[in-house]
Amino acid sequence: GASTCCLWRLETTVYQTFRKTIEEVRSPADQSAGGFLTKDFLTARSSRILRSGHPTLRLETQRSEHSHTPADMDPFVLLEDLQDPGNLGSILRAAAAAGVGHVLLSKNSVQAWSPRVVRAGMGPHFMLRIHEQADLLTAAAMFEGKVLAASRKAPQSLFDADLRGKIAFAFGNEGAGLSRQLRAAAHAEVSIPMPGKTESLNVAAAVAVCLFERVRQLAVSSKQ
């Protein structure tokens, strides 16, 4: 569709939408309040948006009951109990840059459409299908490809794993990592080699390394 560039305000920060055709619908009440409503609006449950007299866009977020099934979400990312908005924003940006189509967040994860996440991401929300309140165990079980769990203690290096097929990556909470149940549901666990003295990587950095190692492998494979 046609590209739309529309200035909007979400709480206190102004953003531009990226490559998103937006149908604006304004009722008399919305006009008096200075609000802009899209045809599909973001539910209050998935994000808290303040109406303070500034133009506001409400956009629909993808939920776990969306018609897509894990079988056709290649590649996708599973995020379990992620808590930091800055981390999630960075992860969404890396996922969009690496060609990921879907990101699934567990019930106890930070809200994907909260202002701090949107600010940190700076655009990827409009390039991804974000599924909140998702059942990650069911998604992993239904996926027809390979689910890889990121774990710093895994004996297999990420760089030795074949990432060229249908793939999903699972990442856990910043402090606790992945749950035992989700690790068991994965087909394999991989770690990122760290020759330095740092104990672990920030989860957003780990996601970027994993996703772009896949991009690298696909690029090498296409040249052979």
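## Salt bridges in a predicted model

Arg 164 and Asp 162 pair through their side chains in a salt bridge, with N to O at 2.9 Å. The model above is predicted, and the exercises below work through pairs of this kind.

**Exercise 1.** Find how exposed the two partners, Arg 164 and Asp 162, are.

*Solution.* Start with the cut-offs: buried means under 20% relative accessible area, exposed means over 50%, and partly exposed lies in between. Arg 164 has a relative accessible area of 43%, so this residue is partly exposed. Asp 162 comes to 37%, so it is partly exposed too.

**Exercise 2.** Work out which parts of the chain the salt bridge between Glu 199 and Arg 152 ties together.

*Solution.* First, check the contact: the side chains of Glu 199 and Arg 152 meet at 3.2 Å, N to O. Next, place each residue. Glu 199 sits in the loop between β10 (188-190) and α6 (203-223), while Arg 152 sits in the loop between β8 (146-150) and β9 (167-171). The pair therefore links parts that are 47 residues apart in sequence. Finally, look at the surface: Glu 199 is exposed, at 57% relative accessible area.

**Exercise 3.** How many salt bridges does a search of the whole structure find?

*Solution.* The search finds five.

Technical notes. Residues are numbered from 1 along each chain as its sequence is written. This is a predicted model: local features need pLDDT of at least 70, side-chain atom pairs count only at pLDDT 80 or more; totals for chains, interfaces and linings use all residues. Side-chain values use heavy atoms; hydrogens and water are left out. A salt bridge is a side-chain nitrogen of Lys or Arg within 4 Å of a carboxyl oxygen of Asp or Glu. Helices (H or I, at least four residues) and strands (E, at least two) are DSSP runs, numbered from the N terminus. Buried means under 20% relative accessible area, exposed over 50%, partly exposed in between (1.4 Å probe, protein chains only).
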